[in-house]
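Subject: Structure handover

Hi,

Here is the structure I promised to pass on. Please open it next to this email and follow along.

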Amino acid sequence: MAPAGHASQGDDFDRVLVVDFGAQYAQLIARRVREAHVYSEIVPRDVTAAEVSDRHPAGIILSGGPASVYAPDAYGIDDALLDLDIPVLGICYGHQVIAASLGGTVERNDIAEYGAADLTATGSSVLFKGLSDEQKVWMSHRDSVIAAPDGFTVTATTADSPVAAMEAPDRGLYGVQFHPEVAHTPRGQEMLEHFLYDVCHARPTWTHVGIIEQSVAAVRDAVGDGSVICGLSGGVDSSVAAALVHRAVGDQLVCVFVDHGLLREGEAAQVEETFRSTFDMNLVHVKAEDRFLEGLAGITDPEQKRKIIGETFIRIFEEVAEDIDNAAYLVQGTLYPDVIESGTKDASKIKSHHNVGGLPDDMHLQLIEPLRDLFKDEVRAIGEELGLPEEIVWRQPFPGPGLAVRIIGDVTKERLDILRAADAIVLEEIRRAGLYRSLWQTFGVLLAIRTVGVQGDERTYAYPLIIRAVTSEDAMTADWARLPYEVLATISSRVINEVPGINRVAYDVSSKPPATIEWE
């Protein structure tokens, strides 16, 4: 079901389309464009020239990718994209796609270029305007453009890339072999901004104030005089969504906080205090622990867990809506990464988010998703602009299915109580060490298996706890956090000594990819 009232944020902003060739950096390119205050969207590699024209972009960026343009099954583009009179910038694989499509030569290098490289500008180029002729850039390729197509000027080289940058300004076509979007290309953001501002003539109007104004107008237009309910968890996303919609429709909004019994320690009381007392919003508190646990009994498959939880949420929202006059809309804090990970035409499914892929097909409420086009850092900035308190805006992400997807196995009351107590210790020690704001997420995972231990000269047979802590910018990629041994030792000692039922603590040192942040 398409979200009601979800006009793309880009409708009132100049937009740049990022064509995703399977690059690890496609999302990063989109973020860098937005950091230049220009709206960006990621589109699939099979997007047609007609589809692009219908979206009226100011520019197109072709991302990098793992393939070779000369391979039999190579990813290509609709060649008509290059004749739309819309500026195009190819990055790495995208650079090679432009060259191969227009008659240039792409070959495999004898020596691969991975990592830092010295770039030399060989002529005047708008991309390098105001920059030194010598630049450090970040390379990640084995194939190279050996000869540029007719009509292109080579504007930069490296020791192993004779065409490290090329352009045909009269056609609005530009290509770079290196990655300007990564921090390891120190002046890369300036190069991207030269393309956005000087070539695409995109207006830098994608600002927090502009996003708020557009979102408020879109919600008002969609809802009219109807009543709206908001699924409120107290997390960053649902809180910012609630604040945005409240600004748009005021008392037409009723926030519904469903206590599914899968929350962390003390969260239910905190949510009620914050939104009922501090913000004076209409708040309905539904206590539904027994209902969720009954639905989850015996379920171990994570996709099933998410779908059961998602559907149970919706049914409760529908029941609450029956008691609210003219209630036809449901607000959710869905973000852009949720949409990508749940599987769209633009991306294969990684996992179903309970508020995207986990929604039932026959739901009766129409969705309002004011954050659907935003990354997490944009949501936090909007939350601050709306005046939400720091403890809400900077709260670490917590999954909608809660602790159910942090118990690997059957979800029971006993296991929830054990994990809740252990997780509280983990967060307490992370805060005490001054690490909370520097980490994207920190939490405990309970494995529904038993391990042998010894406590007080007696044999134990109890659960292991896995500690997970990661650093990230947007949750699309993440690295495991190098926590100090002293902090890990304190957490381990406290959990084993203070939480009955746990006799072993381990630390997860997996990055995303190949792992995900959550275990389920």
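Below is what I found, from the whole chain down to single residues.

**Overall**

Please keep in mind that this is a predicted model. The chain holds 14 helices and 20 strands. The C-alpha trace spans about 75 × 65 × 40 Å along its principal axes.

Of the 520 residues, 57% count as buried. Contacts reach across the sequence. Taking those between residues at least 6 apart, 76% join residues at least 24 apart.

The accessible surface is about 21,200 Å². Carbon and sulfur atoms account for 48% of that surface. On charge, the chain has 44 positive and 80 negative charges.

**Aromatic pairs**

The count comes to 9 aromatic pairs. Two of them deserve a look on screen.

Start with Y174 and F195. This pair is edge-to-face, with 6.2 Å from centre to centre and 70 degrees between the planes. The angle is over the 60 degrees that edge-to-face requires. Y174 sits in strand β9 (residues 173–176) and F195 in helix α4 (residues 188–199), so the pair ties together parts that are 21 residues apart in sequence. Both Y174 and F195 are buried.

Next, F313 and F317. Their ring centres are 5.9 Å apart and their planes are at 25 degrees, so this pair is stacked. The cut-off for stacked is under 30 degrees. Both residues belong to helix α9 (residues 302–322). They are 4 residues apart, about one turn of the helix. F313 and F317 are both buried.

There is also a cluster. Ring pairs link F13, Y39 and W206.

Which loop holds G400? G400 is in the one between α12 (390–393) and β15 (407–408). Its relative accessibility is 25%, and G400 counts as partly exposed. In sequence, G400 and F313 are 87 residues apart. In space, their C-alpha atoms are 9.8 Å apart. F313 itself is buried, as noted above.

**Backbone points to check**

Two cis peptide bonds follow one another. The bond from K512 to P513 is cis, with omega near -15 degrees. The bond from P513 to P514 is cis as well, with omega near 10 degrees. P513 lies in the segment after β20 (502–507). P514 is found in that segment after β20 too.

Two residues other than glycine have a positive phi.

- H37 has phi near 65 degrees. H37 is in the loop between α1 (26–35) and β2 (39–44). At 36% relative accessibility, H37 counts as partly exposed.
- D85 has phi near 60 degrees. D85 is in the loop between β3 (59–62) and β4 (88–91). Is D85 buried or exposed? At 74% relative accessibility, D85 counts as exposed. The cut-off for exposed is over 50%.

That is the handover. Write back with any questions.

Best wishes

Methods
Residues are numbered from 1 along each chain as its sequence is written. This is a predicted model: local features need pLDDT of at least 70, side-chain atom pairs count only at pLDDT 80 or more; totals for chains, interfaces and linings use all residues. Side-chain values use heavy atoms; hydrogens and water are left out. Buried means under 20% relative accessible area, exposed over 50%, partly exposed in between (1.4 Å probe, protein chains only). Contact means heavy atoms within 4.5 Å. Accessible areas come from the Shrake-Rupley method with a 1.4 Å probe; for residues, only the protein chains shown count as cover. Lys and Arg count as positive and Asp and Glu as negative; His and the chain ends are not counted. The place of a charge is taken as NZ of Lys, CZ of Arg, CG of Asp or CD of Glu. Rings of Phe, Tyr and Trp (its six-membered ring) pair if their centres lie within 6.5 Å; planes under 30 degrees apart count as stacked, over 60 as edge-to-face and the rest as tilted.
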